[in-house]
Amino acid sequence: NNAYVNSKVYATLLNAYKTGETSCPGKNFRLMECTGKHGGRMLIHWTHQNGTSVDLMVPVMHGSESSSWLNRIGMFHYLLKFNEEGQFALGHRTIIDFETIGRHLLALDDAAQKNGLRIRKIIFNTNLHDELFATPSGKMLAERHLNFIPSVSNLVNAVHDDHYHVDFDIVDL
C-alpha cells in the first residue's frame, strides 16, 4: 500500500526504466516506497504524500559483476549501511554502482521533461556525492545542475546511503 504515484511520475519511471534497458544492460533497478493509496502522511516518509516522491534502491556490484541479492530483501534494504566509498559495511567487495545511479538519474531527468515534470530535489547521502560526481554520468549530472540537497541532518544522511530519494514537480498541467 505504499507504491502509488502521480500518473506523470508513473510514465516518467516507466520511460526511465525503458531507457535503462539500453543504457544499463543487465542492471536491476528497484523502486522502494512512493505514496500511500490515498496520499497523506506516511510513517517516517513525511514528503511521500502526494504521489510525486520516490525512493530508489542503489544498484550494487559484487566485485566487477552486477549484483541483485541485496535488492531482494524488501523493506530491510533501508537498514543496509555503506561507508563513504560506497562499500557495503558487511562485505567490502559489494559496492554501490555510482555510474549506474548517474545513468538512471539522467534517464529520470530526460523522462521527467518529456512528461511535464522536473526533478525538484534529490536526497542521497552527502558523503557519497563525490563518488557519484566522479563518474562519467555523474559529471553529466553536475552539468545539468540537478538539485542534490548538499546538507541534511545526520539522521537523514545516515538513512540515504542505501537509496536515493527523488521529488518531482509538475510543470505542465
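In this predicted model, Phe-98, Glu-99, Gly-102, Arg-103, Leu-105, Leu-106, Asp-109 and Asp-110 of helix H2 are in contact with Pro-136, Ser-137, Met-140, Leu-141 and Arg-144 of helix H4, where contact means heavy atoms within 4.5 Å. By class, the residues of this H2 and H4 contact are six nonpolar, two polar and five charged. Here Ala, Val, Leu, Ile, Met, Phe, Trp, Tyr, Cys and Pro count as nonpolar, Asp, Glu, Lys and Arg as charged, and the others, Gly among them, as polar. Helices (H or I, at least four residues) and strands (E, at least two) are DSSP runs, numbered from the N terminus.

Residue numbers start from 1 along each chain as its sequence is written. Local features need pLDDT of at least 70 and side-chain atom pairs count only at pLDDT 80 or more, while totals for chains, interfaces and linings use all residues; side-chain values use heavy atoms, with hydrogens and water left out.

Two packed helices are described by the angle between their axes and the distance between the axes. The axes are lines fitted to C-alpha atoms, for helices over the stretch in contact, and angles run from 0 to 180 degrees between N-to-C directions. A crossing is left-handed if the near helix is turned anticlockwise from the far one by less than a right angle, and right-handed if clockwise.

| Helix pair | Axis angle | Axis distance |
|---|---|---|
| H1 and H2 | roughly 135 degrees | within 8 Å |
| H2 and H4 | about 40 degrees | 7 Å |

The angle between H1 (residues 7-23) and H2 (residues 98-114) is roughly 135 degrees. That makes H1 oblique to H2, as angles under 35 degrees count as roughly parallel, over 145 as roughly antiparallel, 65 to 115 as roughly perpendicular and the rest as oblique. The crossing of H1 with H2 is right-handed, whereas H2 passes H4 in a left-handed one. From H1, Thr-12, Leu-13, Asn-15, Ala-16, Tyr-17, Thr-19 and Ser-23 meet Arg-103, His-104, Ala-107, Leu-108, Ala-111 and Ala-112 of H2. The residues of this H1 and H2 contact comprise seven nonpolar, five polar and one charged.

Three strands form an open sheet in the order S1-S7-S6 with antiparallel pairing; two strands pair if DSSP finds at least two bridges between them. S1 (53-57) and S6 (117-123) are the edge strands, each with a single partner, so one side of each has no neighbour in the sheet. On average, neighbouring strands of this sheet are turned by 30 degrees against each other, direction ignored. S6 and S7 (residues 163-170) run antiparallel and are joined by six bridges. Among the bridge partners, Leu-117 pairs with Ile-170 of S7, and Lys-121 with Asp-167 of S7. Five of the seven residues of S6 are buried, so S6 is largely enclosed by the rest of the structure. Buried means under 20% relative accessible area, exposed over 50%, and partly exposed in between (1.4 Å probe, protein chains only).

His-145 lies in the loop between H4 (136-144) and H5 (154-158). His-145 is exposed, at 68% relative accessibility, and its phi is near 60 degrees, a positive value in a residue other than glycine.
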